[in-house]
Amino acid sequence: MNSVKISPSILSANFAFLGEQVREAEEAGVDYIHVDVMDGHFVPNITIGPLIVKALRPVTKLPLDVHLMIENPERYIEDFAKAGADIITVHQETCPHLHRSLQQIQNLDVRAGVSINPSTPANTLDEIISEVDLVLVMSVNPGFGGQSYIHSCTAKIQKLREMLDQCGSSADLEVDGGVNVETVNEVIGAGANAFVAGSAVFNDKNSVAENVKLLREKIKNT
């Protein structure tokens with residue numbers, strides 16, 4: 001199942017060597033580079049802004065998969081698009097006018113994604129699922145890397161796969177949180193075709209290439 005897309009999260013990378021780590025991931029055959037943007041309000045952590053996206057844009061040809069875990073994302077969508085984002089994902093929980101936010105992204109010629117937290121039901125996306133380019137299921141509570149996969153999210157992945165198939169959507173169904181060699185089969189088996197991996201790709205145990213290879217080998221057995 002090499003059509004499954006791996007999106008390594010730079011949140012787990014060594015920021016002193018960020019460009020090199022992104023190049024390693026690209027050379028290892030990943031599909032996206034995942035950029036976690038946190039504001040210290042919607043989630044209890046502060047990470048990075050458009051300047052890092054702009055700095056990464058000339059480093060890699062891969063799509064930059066920018067995940068806005070922030071309040072009032074509509075204030076920053078244009079900045080991230082101009083910086084070079086290829087995909088911008090906003091949270092259903094932070095967008096009272098979700099259609100407008102998604103249209104804002106798409107009007108900038110960027111793929112529009114929507115994310116939901118572990119406790120948010122799949123049916124909150126009923127009205128917009130046919131209009132998105134990516135659905136991102138959070139399988140941990142967002143804010144920090146290295147958390148364990150919440151297994152109750154597996155049924156939600158299955159439900160969203162049904163919803164996407166019913167409306168004939170070709171949108172990616174991506175999962176973020178605790179996805180590693182132990183859990184990736186559960187995630188892909190439930191219907192996801194993309195996943196975010198942080199510490200499963202960027203760690204001190206193996207090289208990035210070795211970690212990506214291990215994940216690919218697991219996916220083949222799904």
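Tutor: Let us start with Met138, which stands opposite Asp176 in β7. This is a predicted model, in which local features need pLDDT of at least 70 and side-chain atom pairs count only at pLDDT 80 or more, while totals for chains, interfaces and linings use all residues. Residues are numbered from 1 along each chain as its sequence is written, and side-chain values use heavy atoms, with hydrogens and water left out.

Student: Which way do β6 and β7 pair, and over how many bridges?

Tutor: Strand β6 (residues 134-138) and strand β7 (residues 172-176) are paired in the parallel sense over five bridges. Strands (E, at least two residues) and helices (H or I, at least four) are DSSP runs numbered from the N terminus, and two strands pair if DSSP finds at least two bridges between them.

Student: What is the strand order in the sheet?

Tutor: The sheet is open and parallel, with eight strands in the order β1-β8-β7-β6-β5-β4-β3-β2. Its edge strands, β1 (5-8) and β2 (33-38), each pair on one side only.

Student: Switching topic, what is in the largest nonpolar core?

Tutor: That core has 66 residues, and those with the most contacts inside it are Ile10, Leu68, Ile88, Val135, Leu160 and Phe195. A nonpolar core here is a set of buried Ala, Val, Leu, Ile, Met, Phe, Trp, Tyr and Cys residues joined through side-chain atoms within 4.5 Å, and buried means under 20% relative accessible area, with exposed over 50% and partly exposed in between (1.4 Å probe, protein chains only).

Student: And what is Leu160 in contact with?

Tutor: Leaving aside its neighbours within four places in sequence, Leu160 is in contact (heavy atoms within 4.5 Å) with Ile116, Ala122, Leu125, Ile129, Val135, Val137 and Leu173. There is also a second, separate core of six residues, which includes Met138 along with Leu134, Leu136 and Val140.

Student: Now α4: which residues are buried there?

Tutor: In helix α4 (residues 98-106), the buried ones are Leu98, Ser101, Leu102 and Ile105. Seen down the axis of α4, they fall within an arc of 95 degrees (taken from the directions from the helix axis to the C-beta atoms), so they line one face of the helix.

Student: What do they pack against?

Tutor: The buried residues of α4 pack against α3 (77-83), β4 (87-91) and β5 (111-116).
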